[in-house]
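Student: I would like to go through the terms used for a fold and see what each one rests on. Can we take them in turn?

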Amino acid sequence: MDRIKGKTVLVTGASSGIGKACAEAFAEKGARVIITSRTLTALKAVAEELSGKYAAEILPVELDVRSREAVQQTVANLPAEWKAIDILVNNAGLALGLEKLHEGNIDDWETMIDTNVKGLLYMSRAVVPGMVDRGYGQVINIGSTAGIQAYANGGVYCATKSAVHVLSDALRIDTVDKPIRVTNIQPGMVETNFSVVRFKGDTERASGFYKGIKPLSGADIADTVIYAASVPEHVQITELTVTPINQATGTVIYKES
């Protein structure tokens, strides 16, 4: 039985990387997909690509999840036929900088907290009440192995992903009396635009981060998202940690010379 076909899915941060891969995976399965990011031009290109490739219904919506007002207005003003969101994928997130905590860039901290934590909260607050009213829904949060264990020079990013872990648990607890599923996906090393953003456009430094290891791809994480969304409705995948074969934990990595 295909449990995704015909569902309405909203994916944040869907113009590239894991978000785009998730949108494509859902489109391939026959879902109707709302894709959001801050860059409408890139979103429209993704929408055109996926609708052409899979004959899928794709709705591109420009949205900065850091803005509470924008999130509230965007969800409230969705076209009527798109309002009943069955699956929310809170993917929008980023890491900035690799400094010691006491030497960190406070502007970077604000951006990470506003995006990774507050953005997830704003989206969940806007979407989940509708799921509760309709008696059906799933929230899939994209966390990180960084949320399990801190690593050097990444304290604030790790803290934001630890918050994703705890908030996922909290939402699952608060909706335990409702048919709402909450899943936290915790990827390890994934090669996307993530490291380029972290190193502020330094592509050489970003590519060097993965030297000596075959990292995961956005499609690998999308596979786990689809799995969590495809299990029977009485089954809840609460948490999935996914790493490359040479990564044992967030901090134990073997790189070939």
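This is a predicted model: local features need pLDDT of at least 70, side-chain atom pairs count only at pLDDT 80 or more; totals for chains, interfaces and linings use all residues.

Student: Why is helix 1 called roughly parallel to helix 2?

Tutor: Helix 1 (residues 17-28) and helix 2 (residues 40-54) pack at about 25°, and their axes are 10 Å apart. Angles under 35 degrees count as roughly parallel, so helix 1 is roughly parallel to helix 2. The crossing of helix 1 past helix 2 is right-handed.

Student: Which residues make that contact?

Tutor: Helix 1 contributes K20, A23, E24, A27 and E28, and helix 2 contributes V46, E49, L50, K53 and Y54. Sorted by class, the contact has five nonpolar, no polar and five charged residues.

Student: What makes the sheet an open one with edges, and in what order do its strands lie?

Tutor: The sheet has seven strands in the order 3-2-1-4-5-6-7, with parallel pairing. Strand 3 (58-62) and strand 7 (239-242) each pair on one side only, and these are the edge strands. From one strand to the next the twist averages 15°.

Student: How do you know that strand 4 pairs with strand 1 and with strand 5?

Tutor: Pairing needs at least two bridges. Strand 1 (residues 8-11) and strand 4 have three bridges, in the parallel sense, and V11 stands opposite V89 of strand 4. Strand 4 (residues 87-90) and strand 5 have four, also parallel, and the bridge partner of L88 is V139. Both pairs therefore meet the cut-off of at least two.

Student: What makes strand 5 largely enclosed?

Tutor: Six of the six residues of strand 5 (residues 137-142) are buried, so the rest of the structure largely encloses this strand. G137, V139 and N141 point one way, while Q138, I140 and I142 point the other way, and all are buried. Why the two sets? In a regular strand, side chains alternate between the two faces of the sheet.

Student: Which strands do the helices lie on?

Tutor: Helix 2 touches strand 2 (32-37) and strand 3, and its direction makes about 175° with that of strand 3. Helix 5 lies across strand 5, strand 6 (180-187) and strand 7, at about 160° to strand 6.

Student: Why is T160 called buried?

Tutor: T160 has a relative accessible area of 2%, and buried means under 20%, so the term applies. T160 is placed in helix 5 (residues 155-174). Leaving aside neighbours within four places in sequence, T160 is in contact with M112, I113, N116 and V117.

Definitions and conventions:
Residues are numbered from 1 along each chain as its sequence is written. Side-chain values use heavy atoms; hydrogens and water are left out. Axes are lines fitted to C-alpha atoms, for helices over the stretch in contact, and angles run from 0 to 180 degrees between N-to-C directions. Helices (H or I, at least four residues) and strands (E, at least two) are DSSP runs, numbered from the N terminus. Angles under 35 degrees count as roughly parallel, over 145 as roughly antiparallel, 65 to 115 as roughly perpendicular and the rest as oblique. A crossing is left-handed if the near helix is turned anticlockwise from the far one by less than a right angle, and right-handed if clockwise. Contact means heavy atoms within 4.5 Å. Ala, Val, Leu, Ile, Met, Phe, Trp, Tyr, Cys and Pro count as nonpolar, Asp, Glu, Lys and Arg as charged, and the others, Gly among them, as polar. Buried means under 20% relative accessible area, exposed over 50%, partly exposed in between (1.4 Å probe, protein chains only).
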